[in-house]
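Let's walk through this structure together, one piece at a time.

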Amino acid sequence: MQISAELIKKVAEAKKVCVLTGAGVSAESGVPTFRGGGNSAVWKGMPFDQISSARMVKENLPEVWEWFDYRRGVLKDCKPNEAHRALMFWESRLRENFLLVTQNIDGLHTQAGSRNIIELHGNIQRSKCTKGCRLKYEMLPTEIPHSPDICDLCDAPLRPDVVLFGEMLPEGYFEYAVEFANDCDLFMSIGTSAVVYPAASLAEIAKKKGAFCIEINPEETPASYLYNESLRGKAGEILPKILQ
Ligand code: APR
């Protein structure tokens, strides 16, 4: 795909950058997306937004864990790709003027070295107490099924530390992302179908404040109309070219 010199210049000259990523940024690492088909869209006949829901945690926690352990198993052999690395490189140039907001729970951005990152939807390698105490538990990627099972403090069962359908985002995370998006001069959305809110609203916020907005996605999304440029292709191929 041809990228215009004008766009490359725009990216190179941006002083404050906010990037939103979704499942598509990890697709080239072998992580299945949710809405692009693939083998994670349905679990035992249940759509992913049903098995990954607050209601299922209440009604059938073992089944939720089975699904999340399955996904942790898929992730075990996945490594960061060129897109994750390019974003880490971009951050190293702009430092505190770069914020990566990800909807992904796979931890691949952090593995690639990104530090100014907000994991809006949590992390699949962490668990927390179902009673809502503040203790969190890191799991080893190789520890499948997960362990431990019970909270040391409350004796209550643990659940994945991810934001499920029907749940609120962790306090403060989205607010910080909004503050940054309000004030950036370049906003980039990569590999997200832009249908899950509030993450999808970040582009609207940045656009309203006059940021130059770029989308990278092989497919058109409901938010494509917002962007100054929509680059149709794979993140791992396009990002290194833009940031050359
Ligand atoms: N490069 C860039 N984009 C890609 C690539 C790629 N190589 N491959 C696929 N895509 C695009 C798809 O076209 C699709 O638009 O990535 C997008 C993935 O969309 P979703 O699967 O809907 O993922 P996401 O937008 O992250 O979902 C948001 O929904 O299920 C919840 O909590 C879950 O965080 C997730 C949220």
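In this predicted model, 6 strands come together in an open sheet, and their order is β5-β4-β1-β9-β10-β11. Strands of a sheet are held in pairs by backbone hydrogen bonds, and the pairing can be parallel or antiparallel. Here the pairing is parallel. At the edges you will find β5 and β11 (229-231), each of which pairs on one side only. If you look along the sheet, neighbouring strands are turned against each other by 15° on average, direction ignored.

Now zoom in on one pair of neighbours. How many bridges join β1 and β4? These two strands pair in the parallel sense over 5 bridges. To find your place in this pair, look for L20, which stands opposite V101 in β4.

Helix α7 lies across β1, β4 and β5, and runs at about 135° to β4. Which residues of α7 (residues 173-183) are buried? They are F174, A177, V178, F180 and A181. These residues cover an arc of only 165° around the helix axis, so they sit on the same side of α7.

Let's move on to a loop. Between α2 (48-51) and α3 (54-59), the loop contains S52. Is S52 buried or exposed? With a relative accessible area of 6%, S52 is buried, because the cut-off for being buried is under 20%. The side chain of S52 also makes a polar contact of 2.8 Å with the side chain of W67. Leaving aside residues up to four places away in sequence, S52 touches W67, F68, R71, L164 and F165.

Take C213 as an example: the nearest cysteine sulfur, that of C184, is 7.0 Å away, and C213 is in no disulfide. C213 has a relative accessible area of 1%, so this residue counts as buried. Another cysteine to look at is C78, which is also buried, at 8% relative accessibility.

Conventions. Residues numbered from 1 in each chain as written. Predicted model: local features only at pLDDT ≥ 70, side-chain atom pairs only at ≥ 80, totals over all residues. Heavy atoms only, no water. Helix = DSSP H or I, 4+ residues; strand = E, 2+ residues; numbered from the N terminus. Buried < 20%, exposed > 50% of the residue type's maximum accessible area, 1.4 Å probe, protein only. Polar contact = N/O pair within 3.5 Å; in protein donor to acceptor, adjacent residues only side chain to side chain. Contact = heavy atoms within 4.5 Å. Arc of directions from axis to C-beta. Disulfide = S-S within 2.5 Å. Pairing = 2+ DSSP bridges. Axes fitted to C-alpha atoms, helices over the stretch in contact; angles between N-to-C directions.
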